[in-house]
Amino acid sequence: MKVHHARSWLETGFPLLVYGIVAGILFQDYQWRINPDYISYIGIAQKYSRGDFFHAVNGYWSPLFSWLLAPLLWSGGDPLVVSKVLALGVGGVAIVGIRRFFLALGVTGSVSFPLLLAAVPLVLSSAFLEAGPDLLLATLLIHYLGRTLPASYPGRVRDGLWTGMLGGLAYLSKTYAFYFFLLHYLLMQAGRYARRASPGERAMVMKSLGVG
C-alpha cells in the first residue's frame, strides 16, 4: 500500500518538478509575451486591488482570473509578470487535475506517466502564450471531470457540493462553461440514476444532484 502511494506521488510529482524547472528556465524569455485579452484582465484586477469595485465589475470579461490576480498585485511587482506567475501556478494545478482525470478513466501509471509528461509543454505553452482565464477554465473543467467521471460517484452528498463548486468557478472563469456544466452534469446524473438499482443509491444520486 505504501509503495503504491509513493509511486502515485512520484507519477504526479516528477512531471510537476519538470514543469517547474522548465518554467523557470523559460520565464525570462516569455514573461513579457502578451495578447490583447491579458490587458483587459490585468486592468480589471488593478481596479479590484484598489477597491474600485464600481468600475471593476464588467459585463464582458469574466472575473475569476482578475479576482485571483488582484491580491497578488499588492506585492508591487510588474502586473504582467505577476499575471504570468499566476498563470504558471494555475498550470501546476492543471497537471494535478490531468493526473486525477487519468485515474478517473482507469488509465494505469505505465500509460498515464508518459502522457502526463507530454502534457507539460502543452500546459507551459498555454500559461506563457494564451490568456490566463483559458488555462484556468481548462484546469477547473479537468478537475470537474476527474471528480465526476469515476463509477463510484457519488459516494457522499458532499461529492455533489465539490462538483457544483467546480462548475460555479468554471462559470466565473468563462461564462459559457455554465451551459457545459449544466448539461453534462444533468446527463451524467440521469444516467447514473437509471443504472442504480437500489432506492438508497438512487436517493444518493438525487441528493448529490440537488446539492451540486
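1. A charge counts as sitting over a ring if NZ of Lys or CZ of Arg is within 6 Å of the ring centre and within 35 degrees of the ring normal. In this predicted model, the charged end of Arg202 meets that description over the ring of Tyr193, at 4.7 Å from the ring centre.

2. Aromatic pairs were searched for across the whole structure, and 15 were found. One of them joins Tyr30 and Phe128, with 5.5 Å from centre to centre and 35° between the planes, a tilted arrangement. Tyr30 belongs to helix H1 (residues 2-30) and Phe128 to helix H6 (residues 109-129), so this pair ties together parts that are 98 residues apart in sequence.

3. The two partners of that pair can be described by their accessibility. Tyr30 has a relative accessible area of 28% and is partly exposed, whereas Phe128, at 3%, is buried.

4. For Tyr144 and Phe180, the ring centres are 6.3 Å apart and the planes stand at 80°. The pair is classed as edge-to-face because an angle over 60 degrees counts as such. Tyr144 is in helix H7 (residues 132-148) and Phe180 is in helix H9 (residues 177-195), so the contact ties together parts that are 36 residues apart in sequence.

5. Phe180 is partly exposed, with a value of 34%.

6. A further point concerns aromatic clustering. Five residues make up one aromatic cluster: Tyr38, Tyr41, Tyr60, Trp61 and Phe65.

Definitions and conventions
Residues are numbered from 1 along each chain as its sequence is written. This is a predicted model: local features need pLDDT of at least 70, side-chain atom pairs count only at pLDDT 80 or more; totals for chains, interfaces and linings use all residues. Side-chain values use heavy atoms; hydrogens and water are left out. Rings of Phe, Tyr and Trp (its six-membered ring) pair if their centres lie within 6.5 Å; planes under 30 degrees apart count as stacked, over 60 as edge-to-face and the rest as tilted. Helices (H or I, at least four residues) and strands (E, at least two) are DSSP runs, numbered from the N terminus. Buried means under 20% relative accessible area, exposed over 50%, partly exposed in between (1.4 Å probe, protein chains only).
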